[in-house]
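These are my notebook entries on one protein chain. I set down what I looked up and what I found.

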Amino acid sequence: MKKNLRLNLIVISFFIIFLILLQDLFMPKYVSEIHEGNLIEEYYAEEKNHDVIFVGDCEVFSNISPITLWEDYGITSYIRGSAQQLIWQSYYLLEETLKYEKPKVVVFNVLAMKYNEPQNEAYNRMTLDGMKFSLTKLKDIQASKTRDESFLSYLFPILRYHARWSDLTLDDFKYLFHRKRISSNGYLMRVDVKPVTFIPPGKKLPDYQFGANSYDYLNRMTDLCRKNGIQLVLIKSPSVYPYWYREWDQQIKDYAAKNDLLYINFLNYIDEMGIDFTTDTCDAGLHLNLSGAEKFTKYFGAILSHSFKIEDKRKAPELSRVWKEKADFYYATKEAQQAELKKYGYLKSLGAQAVTRDNE
């Protein structure tokens with residue numbers, strides 16, 4: 001009897017391991033294209049001692065350079081960003097992050113306030129699939145899934161991806177156990193240039209009021225930071241499209257004033273930052289390229305350093321060693337992209353195009 005039980009347990013264990021490996025094989029690797037899908041997972045391999053944590057959509061992971069913050073101000077930071085990250089996803093990512101570390105400042109990009117309801121499975125996957133299993137992830141799934149999506153398919157992604165067997169590539173096998181590093185502390189670099197030639201005017205909306213659900217999660221984020229002694233900063237990143245309405249801007253101003261928060265609309269400081277949208281964007285104003293991100297980060301870094309008295313840690317030996325390695329990767333990525341751009345005329349390894357945002 002005991003022998004049969006032991007044999008059954010061995011068989012069951014091997015079956016579970018097989019299913020896990022099969023699931024990992026079938027899940028998208030986001031290595032040859034759509035690198036944004038790897039951003040959330042990369043955080044877990046980091047040493048978690050950051051002064052500043054950024055949460056939000058592509059207007060943070062494309063526009064802010066943690067290496068520049070370190071090199072210019074000695075500020076340690078990480079971007080927990082993902083494509084079309086919705087405000088409840090930002091909240092739950094922050095809730096999860098605070099289980100690992102307690103930053104001095106959290107920065108949230110407010111463009112996501114425009115979304116009051118779940119939007120798109122493809123973008124949900126690029127945030128949720130990379131999260132480690134936890135109660136926080138379960139809450140995030142419930143808040144994020146669209147009406148037609150299955151909760152179980154997020155817990156067991158093989159239910160969603162089993163049909164990928166015919167689309168498997170060498171990357172799926174090569175990166176089954178380990179994926180190559182994509183970002184610099186959550187920053188997804190692009191050195192290519194596509195200038196702004198036309199800024200579409202904002203379409204007239206039937207209602208400019210942010211929704212109750214969005215405000216609920218903004219309140220939760222504010223309360224979470226306050227309870228943990230963290231300064232919350234609200235920003236509108238300097239991307240010129242999608243359009244940021246004056247009515248939206250005023251609502252955030254009012255919220256920040258009511259809750260004693262710093263809010264900065266960086267669209268008002270384009271000239272002061274020296275950003276030139278003929279050279280500093282990779283996709284006609286949706287995202288900044290490396291040049292634009294470094295200009296924005298230098299400007300914002302001065303505000304973070306002076307307003308919140310963040311200590312300059314560049315003389316700390318161990319931190320300096322760690323961030324030297326990070327900087328080496330950053331500049332190697334820059335050099336590789338420049339070489340690729342020169343050879344092909346576009347960034348072939350990034351699929352040429354940045355992720356575009358639906359319904360914007």
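**Entry 1: the basis.** I note that this is a predicted model, in which local features need pLDDT of at least 70 and side-chain atom pairs count only at pLDDT 80 or more, while totals for chains, interfaces and linings use all residues. Residues are numbered from 1 along each chain as its sequence is written, and side-chain values use heavy atoms, with hydrogens and water left out.

**Entry 2: the whole chain.** I looked up the secondary structure and found 15 helices and five strands. Helices (H or I, at least four residues) and strands (E, at least two) are DSSP runs, numbered from the N terminus. Of the 360 residues, 54% count as buried. Buried means under 20% relative accessible area, exposed means over 50%, and partly exposed lies in between, with a 1.4 Å probe and protein chains only. The protein exposes about 17600 Å², and carbon and sulfur atoms supply 56% of that area. Such areas come from the Shrake-Rupley method with a 1.4 Å probe; for residues, only the protein chains shown count as cover. I then looked up contacts (heavy atoms within 4.5 Å). Among contacts with a separation of 6 or more, 83% join residues 24 or more positions apart.

**Entry 3: helix 4 and helix 15.** How do the axes of helix 4 and helix 15 cross? The axes of helix 4 (residues 66-73) and helix 15 (residues 317-344) come within 10 Å and cross at roughly 130 degrees. Helix 4 is therefore oblique to helix 15. Axes are lines fitted to C-alpha atoms, for helices over the stretch in contact, and angles run from 0 to 180 degrees between N-to-C directions. Angles under 35 degrees count as roughly parallel, over 145 as roughly antiparallel, 65 to 115 as roughly perpendicular, and the rest as oblique. The crossing of the two helices is left-handed; this term applies if the near helix is turned anticlockwise from the far one by less than a right angle, and right-handed applies if clockwise. On helix 4, I listed Pro66, Ile67, Thr68, Trp70 and Glu71 in the contact. The partners on helix 15 include Trp323, Ala327 and Tyr330. By class, the contact of helix 4 with helix 15 has eight nonpolar, two polar and two charged residues. For these classes, Ala, Val, Leu, Ile, Met, Phe, Trp, Tyr, Cys and Pro count as nonpolar, Asp, Glu, Lys and Arg as charged, and the others, Gly among them, as polar.

Entry 4: Six of the eight residues of helix 4 are buried, so the helix is largely enclosed by the rest of the structure. I identified the buried residues as Pro66, Ile67, Thr68, Leu69, Trp70 and Tyr73. Their cover includes strand 1 (52-56), strand 2 (77-81), helix 14 (290-307) and helix 15. Gly74 follows helix 4 and has a positive phi, near 70 degrees. Ser77 lies in strand 2 and is buried, with a relative accessible area of 0%. Its contacts beyond four places in sequence include Pro66 and Leu69, as well as Trp323.

**Entry 5: helix 5 and helix 11.** Helix 5 (residues 87-97) and helix 11 (residues 212-227) pack at about 20 degrees, with axes 9 Å apart. The two helices are therefore roughly parallel to each other, and their crossing is left-handed. Residues in this contact include Trp88, Tyr91 and Glu95 of helix 5 and Tyr217, Arg220 and Leu224 of helix 11. By class, this contact has 10 nonpolar, three polar and two charged residues.

**Entry 6: residues apart in sequence.** Thr333 is found in helix 15 and is buried at 18% relative accessible area. Ile199, in the loop between helix 10 (170-174) and helix 11, counts as partly exposed at 43%.

**Entry 7: backbone details in loops.** Which form does the peptide bond from Tyr241 to Pro242 take, cis or trans? The bond is cis, with omega near 5 degrees. Pro242 is in the loop between strand 4 (231-236) and helix 12 (246-258). Asp260 has a positive phi near 55 degrees, although it is not a glycine, and counts as exposed at 71% relative accessibility. Lys309, also not a glycine, has a positive phi of about 50 degrees. Lys309 is in the loop between helix 14 and helix 15 and is exposed at 66%.
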